[in-house]
Amino acid sequence: MTDMSDLIRESVKQIKPYSPGKSSQEAKEELGLEEITKLASNENPLGPSPRAIEAMQEAAAEVYFYPDPVCRDLTQALAELCDVDPEGIVIGRGSDEIIHMMGLAFVNPGEEIIYSDPPFALYPMTTAIMDGRAVAVPHRDLTHDLEAMTAAVTERTKLVFISNPYNPTGTIVTADEVARLMDVIPDHVIVGFDEAYYEYVDDLEYPDCLEYVRQGRKVVLLRTFSKAYGLAGLRIGYGIAPPEMARALKQVREPFNVSGISQVAALASLQDPDQVQRSFQLVQEGKQYLYEQFEQMGLDYVPTQANFIFVDVGLDSRECFDGLMRQGVTVRTGDIFGLPTYIRVTIGTMEQNRKFIEALRDVLN
Ligand SMILES: Cc1ncc(COP(=O)(O)O)c(C=O)c1O
């Protein structure tokens with residue numbers, strides 16, 4: 001008899017299951033808590049724009065129709081916002097799906113995908129699914145080592161992923177660093193600039209990678225409605241690329257991949273930039289508070305350009321996690337990133353931030 005496991009592709013068996021952390025419901029049930037402060041997944045506690053909620057309510061009655069398969073209105077709005085050719089926009093179920101499409105469209109078995117270690121989970125997952133070869137380049141001081149990543153390029157390299165800001169540390173690579181990479185990167189390599197946290201960045205050294213798209217360079221930019229737009233649960237993100245590359249991504253896309261509700265909510269969110277500004281301000285205020293508190297506690301943290309902070313709590317992060325969770329606060333532990341004394345905490349509302357700090361002080365004492 002054939003063993004079930006013999007039916008599964010070897011590369012799929014190697015995939016480490018995505019570790020989403022405990023759901024709020026699980027945590028509540030296990031600990032008998034009324035409420036969980038979830039600071040584990042870099043979500044936006046302000047939630048969506050009221051305009052998006054209204055648009056979703058209106059669209060709800062129409063769900064018996066299949067959605068617009070080409071997301072025409074949203075594509076047009078994003079092309080205007082980004083000042084790029086609409087042919088170069090690809091909408092997906094989160095930027096996760098665009099990463100997956102990049103694997104399907106570009107990576108032949110055995111080709112190399114370069115990323116910084118620790119990576120965002122979707123890069124190794126896509127590599128494995130495509131039977132690609134993962135080239136994980138160690139971080140340097142908790143940021144991308146772009147020189148080492150450039151040096152790792154070979155004739156077999158197909159893709160380089162750069163998470164900018166970097167999840168889990170919140171650091172960025174600068175315009176100059178990216179320009180140096182783009183000057184020398186060989187022609188057969190596609191660079192994926194993953195800008196999931198783009199709207200939170202205030203560092204003037206941050207690169208304008210859209211310019212590489214406009215120049216027709218072999219790049220794909222990834223952005224999302226999950227973070228600053230507060231639509232994580234809808235699953236909607238997008239890629240921006242030169243039209244010829246975007247066409248390849250669309251060829252591997254499932255028809256009707258993005259629901260009609262997601263499309264109208266995203267479009268309505270774009271029409272409410274004030275909500276994004278409020279989300280940005282919330283993170284600015286929260287990060288100043290958290291920095292001060294970490295400093296008072298003598299904890300090293302990584303100054304962030306995203307909506308989360310990576311902080312060294314000086315003890316096993318799983319222990320810290322358990323202690324925080326008993327008080328109803330969840331964060332992400334650093335062990336999954338190979339940095340076992342760190343935790344990654346999402347910047348929440350001021351009330352959530354205070355609750356987290358109170359719980360953390362308790363755990364560390
Ligand atoms: C670096 C990075 N890229 C991509 C994503 C995916 O976001 P989504 O699929 O929700 O658009 C995330 C989500 O946490 C992320 O941290």
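## Backbone features

Helices and strands are DSSP runs, numbered from the N terminus; a helix (H or I) has at least four residues and a strand (E) at least two. The model described here is predicted.

By that scheme, Asn-42 sits in the loop that links strand E1 (37-38) to helix H3 (50-60). Its phi is near 55°. That is a positive value, and Asn-42 is not a glycine.

Two cis peptide bonds deserve a look. One joins Asp-117 to Pro-118, with omega at about 5°. Pro-118 lies in the loop between strand E3 (112-117) and helix H6 (122-129). Another joins Asn-167 to Pro-168, and here omega is about 25°. Pro-168 belongs to the loop between strand E5 (157-163) and helix H8 (175-184).

## Ligand shell

How many residues surround the ligand? The shell holds 13 residues. The closest are Gly-94, Asp-96, Thr-224, Ser-226 and Gly-237.

Helix H5 (residues 94-106) is the top contributor to this shell, giving three residues. By class, eight residues of the shell are polar, three are nonpolar and two are charged.

## Two domains

The protein chain divides into two domains. Domain 1 is built from two segments, 19-47 and 274-364, while domain 2 covers 50-271. Their C-alpha centres are 26 Å apart. The contact between them draws 21 residues from domain 1 and 19 residues from domain 2.

Which elements give two or more residues to the domain 1 side of this contact? They are helix H12 (273-297) and strand E10 (308-312). H12 gives the most to that side, with five residues. By class, the residues on the domain 1 side comprise ten nonpolar, nine polar and two charged.

## H13 against H14

Two packed helices are described by the angle between their axes and the distance between the axes. Helix H13 (residues 317-326) packs on helix H14 (residues 350-364) at an angle of about 125°. Their axes are 9 Å apart. H13 is therefore oblique to H14. The two helices cross in a right-handed sense.

From H13, the contact uses Cys-320, Gly-323 and Leu-324. From H14, the partners are Ala-359, Leu-360 and Val-363. Five residues of this contact are nonpolar, one is polar and none is charged.

## H4 against H11

Helix H4 (residues 72-82) and helix H11 (residues 260-270) form another pair, with axes that come within 9 Å and cross at roughly 30°. Angles under 35 degrees count as roughly parallel, so H4 is roughly parallel to H11. The crossing of H4 and H11 is left-handed.

Which residues meet in this pair? H4 supplies Asp-73, Leu-74, Ala-77 and Leu-81. H11 supplies Gln-263, Ala-266, Leu-267 and Leu-270. By class, the contact has six nonpolar residues, one polar and one charged.

## Summary of the helix pairs

The H13 and H14 crossing is right-handed, whereas H4 passes H11 in a left-handed crossing. The angle is about 125° for H13 and H14 and roughly 30° for H4 and H11. Nonpolar residues number five in the contact of H13 with H14 and six in the contact of H4 with H11.

Key
Residues are numbered from 1 along each chain as its sequence is written. This is a predicted model: local features need pLDDT of at least 70, side-chain atom pairs count only at pLDDT 80 or more; totals for chains, interfaces and linings use all residues. A residue is near a molecule or strand if its C-beta atom, placed from the backbone, lies within 6 Å of it. Ala, Val, Leu, Ile, Met, Phe, Trp, Tyr, Cys and Pro count as nonpolar, Asp, Glu, Lys and Arg as charged, and the others, Gly among them, as polar. Domain bounds come from an automatic or database domain assignment. Two residues are in contact if their C-beta atoms, placed from the backbone, lie within 7 Å. Axes are lines fitted to C-alpha atoms, for helices over the stretch in contact, and angles run from 0 to 180 degrees between N-to-C directions. Angles under 35 degrees count as roughly parallel, over 145 as roughly antiparallel, 65 to 115 as roughly perpendicular and the rest as oblique. A crossing is left-handed if the near helix is turned anticlockwise from the far one by less than a right angle, and right-handed if clockwise.
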